[in-house]
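Student: Could you take me closely through one part of this model, the salt bridges and the helix contact that goes with them? I would like one connected account.

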Amino acid sequence: MLTTAPRGTSDIMPAEVKTWRYLEKIIRKICSLYGYKEIRTPVFEHTELFLRSIGETTDVVEKEMYTFLDRGERSITLRPENTASVARAYIENKLYSEQPPVKLFYIGPMFRYDRPQAGRYRQFHQFGIEALGAPGPNIDAEIILLAVQVLETLGLENLKLKINSVGCPRCRPVYRKKLQEFFWSHLKEMCIDCKSRFDRNPMRLLDCKKCHDMAAGAPSIEENLCNECREHFVGLKELLTAAGVSYEVDNSLVRGLDYYTKTAFEIQYSPLGTQSAVCGGGRYDGLIEQVGGDPTPAIGFAMGMERLLLALEKQKLLPEFDENIDVFVVCPKEETFKTAFATVNNLRKAGLKVDHDCLGKSMKSQMKQANKLRAKYAIIFGDDEFSRGMVVLRNMESSEQKETPFNDITAILQSEVRKND
């Protein structure tokens, strides 16, 4: 067990990290285009934060949270999502005093006790957006456009955007009652989860995969929205159309967290199969107040990083990465090692990617190591050459080599590497 990672977790090895950095670079670049700034919150919070925000009837709270008592007997939970943490940080750090909307994004690990499968882990990573302080549909449309731009920039095509309105505390109670009346005759046939949701959260009956057929013909929430929610939803659709973004209204899209109000949306990528969602989000106008702040309109989304990378890998959309080093310093003699070591350091200070032998290998072995690391050049500290103030500079691709004054080697290599980049 000591040599095995816990189930549902994985090591991100050096060969994979480059793909993560590529993904994060694109995310950060596009977020900057839209004016979103990065926030980093703790990976654990007081459990009460998630009970109050996510909702005690959700699968996340009931089945999936990693909760424990710390040494002070306080209930602590590893964050299962980051919106609640951002809401807490928004209040605690008085971000509400800034000019709204406050535009934030995050990238980091989340934790849920879920069944591991392709692209889904118990420790997983999310990129998310939160925009706080703007009530209109324009900010809803903006973050959807941001999500689409990230996915399209990565090369994903034929994305399917689904949108819905889940109403608000004024119109939702009427709709919940209509749903209960509709599903009453199916109650005995429902799965255990849906039976428990019937009284507590009947809207979740619409998105159950097991009971999907029973939802056919269920009342549409769009027909039961109050005037404010209806106008908001119409405004969102008009803005998406004006931006040239295709969408599908899906009345069964309710999302899995209790804090959503009005807009809910999901972006799907069909090559991933049945688990095709790569982005999901919505508006949560009551959340800030729920966790102790003043009433604040807000909207956000999250993307699973592992699922994004799985999609990019499946479609062969990840770029080739140049991991060649610039220089390998070959020094087979102990007498010149200190000088060679100082040279390595000077070349690195000059901005070159440099490596050298740390194990006292032979010259032949060191040259093999230089080839294995795909070094562009090798500097060879030979006895005869160095006694004359020279080193051998070898072009590893062409095998051409020439004696070069030791004192000029840094400037020469800087020029050569820059010329070939």
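**Salt bridges and a helix contact**

Tutor: In this predicted model, Asp-250 is buried, its relative accessible area being 15%. Lys-162 also counts as buried, at 14% relative accessibility, and these two residues form a salt bridge in which the closest N and O atoms are 3.5 Å apart. Since Asp-250 sits in the loop between strand S8 (248-249) and strand S9 (261-268), while Lys-162 belongs to strand S7 (residues 160-165), the pair ties together parts that are 88 residues apart in sequence.

A further salt bridge joins Lys-262 to Glu-228, with the closest N and O atoms 2.6 Å apart; because Lys-262 lies in strand S9 and Glu-228 in helix H8, this pair links parts that are 34 residues apart in sequence. Lys-262 is buried, with a relative accessible area of 7%, whereas Glu-228 is partly exposed, at 40%. Both residues belong to a network of salt bridges that also includes Asp-140, Arg-170, Arg-283 and Asp-285.

Helix H8 (residues 227-242) leads on to helix H5 (residues 137-153), for the axes of the two come within 8 Å and cross at roughly 45°, which makes H5 oblique to H8. The crossing is right-handed, and the contact is made by Pro-137, Asn-138, Asp-140, Ala-141 and Ile-144 of H5 together with His-232, Gly-235, Leu-236, Leu-239 and Leu-240 of H8. By class, this contact has six nonpolar, three polar and one charged residues.

Conventions
Residues numbered from 1 in each chain as written. Predicted model: local features only at pLDDT ≥ 70, side-chain atom pairs only at ≥ 80, totals over all residues. Heavy atoms only, no water. Axes fitted to C-alpha atoms, helices over the stretch in contact; angles between N-to-C directions. Helix = DSSP H or I, 4+ residues; strand = E, 2+ residues; numbered from the N terminus. Parallel < 35°, antiparallel > 145°, perpendicular 65-115°, else oblique. Left-handed = near helix turned anticlockwise from the far one by under 90°. Contact = heavy atoms within 4.5 Å. Nonpolar A, V, L, I, M, F, W, Y, C, P; charged D, E, K, R; others polar. Salt bridge = Lys/Arg side-chain N within 4 Å of Asp/Glu carboxyl O. Buried < 20%, exposed > 50% of the residue type's maximum accessible area, 1.4 Å probe, protein only.
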